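Here are some notes for a colleague who is meeting this structure for the first time. They are set out as numbered points, to be read alongside the sequence and the model.

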Amino acid sequence: MSKIATLEIDGKKYEFPILIGSENEATIDISTLRSVTGGVTTFDPGFKNTSSCESKITFLDGEKGILRYRGYAIEELAEKSDFLEVSYLLIFGELPTTAQKQQFHKDIQKTALVDEDVKKILDGFPKSAHPMGVLSALTSALTAFNPKSVNVDSEGDMYRAVCKILGKFQVLVAWTYRKEEGLPLAYGHNSLGFVENFLKMMYESPIEDYKVNPLVVEALDKLLILHADHEQNCSTSTVRVVGSAHTGLFASLSAGISALWGPLHGGANQAVIEMLEAIKEDGGDYQKYIDKAKDKNDPFRLMGFGHRVYKNFDPRAVIIKETAERVLNDLKVNDPVLDIARNLAEIALNDEYFKSRNLYPNVDFYSGIIYRAIGIPVPMFTVMFALGRLPGWIAQWKEMRLNKEAISRPRQLYTGETLRPFVEESKR
Ligand code: CMC
């Protein structure tokens with residue numbers, strides 16, 4: 001393949017290098033476009049064709065259904081690794097040795113206390129507040145309690161900031177849940193593994209012992225791994241864009257949480273269960289919902305279907321579907337919504353509309369079924385996604401700062417009014 005792309009504007013030719021990634025992906029480097037052409041830019045709403053950065057963290061091939069973190073296949077990581085190890089891998093680039101892993105866990109545990117004043121902030125929210133709004137606000141508030149900004153050029157400083165956010169974030173997630181449930185705020189215990197500890201913080205009751213169910217630990221660990229990173233998606237791009245202004249880590253993460261909240265992104269897992277419930281309430285008429293999704297005059301979309309990048313299948317959905325079937329079986333949960341999901345997927349996958357547009361179940365289609373089976377309420381689903389995505393956001397923020405990326409500042413195609421004289425109020 002030629003390593004040069006030629007662009008012709010008004011008979012004048014310009015050459016731009018074609019960069020090739022380690023998986024042979026080609027991208028035209030147009031970073032000099034404006035200066036050499038005297039102001040021409042590219043137009044790509046939604047960044048569907050734009051590589052916004054160079055990254056070594058996650059590779060995904062939407063046509064082939066491939067997802068890899070730092071070169072390791074998601075299928076292998078989900079089967080053989082755990083969330084803590086995957087977090088380390090994403091953030092620091094390599095799987096940890098046993099000693100590194102133990103130290104990492106200890107260093108995270110050391111930071112897992114949150115300033116007592118955070119409780120006062122949490123107190124100020126109404127119980128009805130959406131947990132994503134609460135989590136985003138509390139994460140941003142961490143900046144106030146940790147005002148010293150991270151020196152990204154110091155490995156030690158960066159490592160300590162990573163441990164701090166990994167330790168405190170799980171407390172914020174658990175407290176967000178407990179606030180909504182009206183439960184007293186609790187801490188975990190350093191004798192427990194990362195996921196076990198999180199579950200204890202979520203579910204422990206002051207009036208009885210809490211026994212962690214290993215099946216639940218295993219299922220949640222897998223879900224967190226599957227959500228841990230997904231290259232330049234909406235929330236991750238948000239974290240990188242916000243961080244590119246040298247905004248602090250916690251504030252950048254808080255912006256990422258807000259982006260994830262949207263129903264077209266992480267909020268889809270909540271929307272899926274609500275949709276499946278609505279179909280159940282409606283007597284299980286799947287075809288009606290398929291028809292609504294196909295109707296261009298109806299804003300309804302089949303939630304949990306389609307993906308900006310995966311145009312064949314979402315490898316995470318394959319693993320999650322199997323896990324959902326197993327978890328429900330192991331926990332002896334009979335959730336009619338799983339049958340509805342199976343049937344709906346079956347109809348959609350054989351429907352020409354969905355086939356021709358390459359619309360397949362995505363990660364969110366089945367994840368809510370597992371969350372429900374392990375006792376997580378629907379409004380908390382996206383919060384669980386955020387807990388999983390945290391190491392990915394951190395890794396991408398760190399990479400962006402270490403790459404010394406310029407502040408994000410896109411251009412636009414202006415189609416508004418040209419210069420016109422001001423109209424006095426009496427003449428409008
Ligand atoms: N139901 C019905 N039609 C759909 C759907 C859907 N879920 N998704 C896409 N389409 C149609 C869309 O109407 C368009 O049709 P046409 O070509 O006739 O105009 C075509 O498929 C292409 O859609 P698009 O909006 O251009 O595709 P996109 O790549 O911009 O959007 C998406 C990707 C995920 C936002 C979209 O598929 C969607 O809204 N899905 C439902 C929400 C969802 O499940 N989101 C979770 C994504 S995975 C988790 C994550 O990464 O956050």
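Predicted model: local features only at pLDDT ≥ 70, side-chain atom pairs only at ≥ 80, totals over all residues.

Which element gives the most to the lining of the second largest pocket?

1. Helix H7 is the element in question, giving four residues to the lining of the second largest pocket. Helix H7 spans 155-181, and it is joined by helix H11, spanning 249-261, as the elements that give two or more residues to this lining.

2. About 290 Å³ of space lies in the second largest pocket, and 14 residues line it, of which Asn146, Lys148, Ser149, Val150 and Lys164 are the closest to its centre.

3. The surroundings of the ligand deserve a separate look. There are 22 residues around the ligand, and those that come nearest are His265, Arg301, Leu302, Gly304 and Phe305. Sorted by type, the shell around the ligand holds nine nonpolar, six polar and seven charged residues.

4. A polar atom in the side chain of Arg301 lies 2.8 Å from a ligand oxygen, while for Gly304 a polar atom of the backbone is 2.8 Å from an oxygen atom of the ligand. In the side chain of Arg308, an N or O atom is 2.9 Å from an oxygen atom of the ligand. As for cover, the ligand on its own has 940 Å² of accessible area, and the protein covers 79% of that area.

5. How many disulfides does a search of the whole structure find? The search finds zero. Cys53 is in no disulfide, and the cysteine sulfur nearest to its own, that of Cys234, is 14 Å away. Cys234 is likewise in no disulfide, with the sulfur of Cys53 as the nearest cysteine sulfur.

6. A last point concerns Ser51, which has its place in the loop between helix H1 (33-37) and strand E4 (58-61). The side chain of Ser51 makes a polar contact of 3.4 Å with the side chain of Thr27. Ser51 and Asp29 are 22 residues apart along the chain, and their C-alpha atoms are separated by 9.3 Å.

How values were computed. Residues numbered from 1 in each chain as written. Heavy atoms only, no water. 1 Å grid on protein atoms, 1.4 Å probe; cavity = no way out; pocket = protein on both sides within 12 Å on 5 of 7 lines; lining within 4 Å. Points joined across faces, edges and corners; volume = space filled by probe spheres on them. Near = heavy atom within 4 Å. Polar contact = N/O pair within 3.5 Å; in protein donor to acceptor, adjacent residues only side chain to side chain. Areas by Shrake-Rupley, 256 points an atom, 1.4 Å probe, with all protein chains shown as cover. Nonpolar A, V, L, I, M, F, W, Y, C, P; charged D, E, K, R; others polar. Disulfide = S-S within 2.5 Å.
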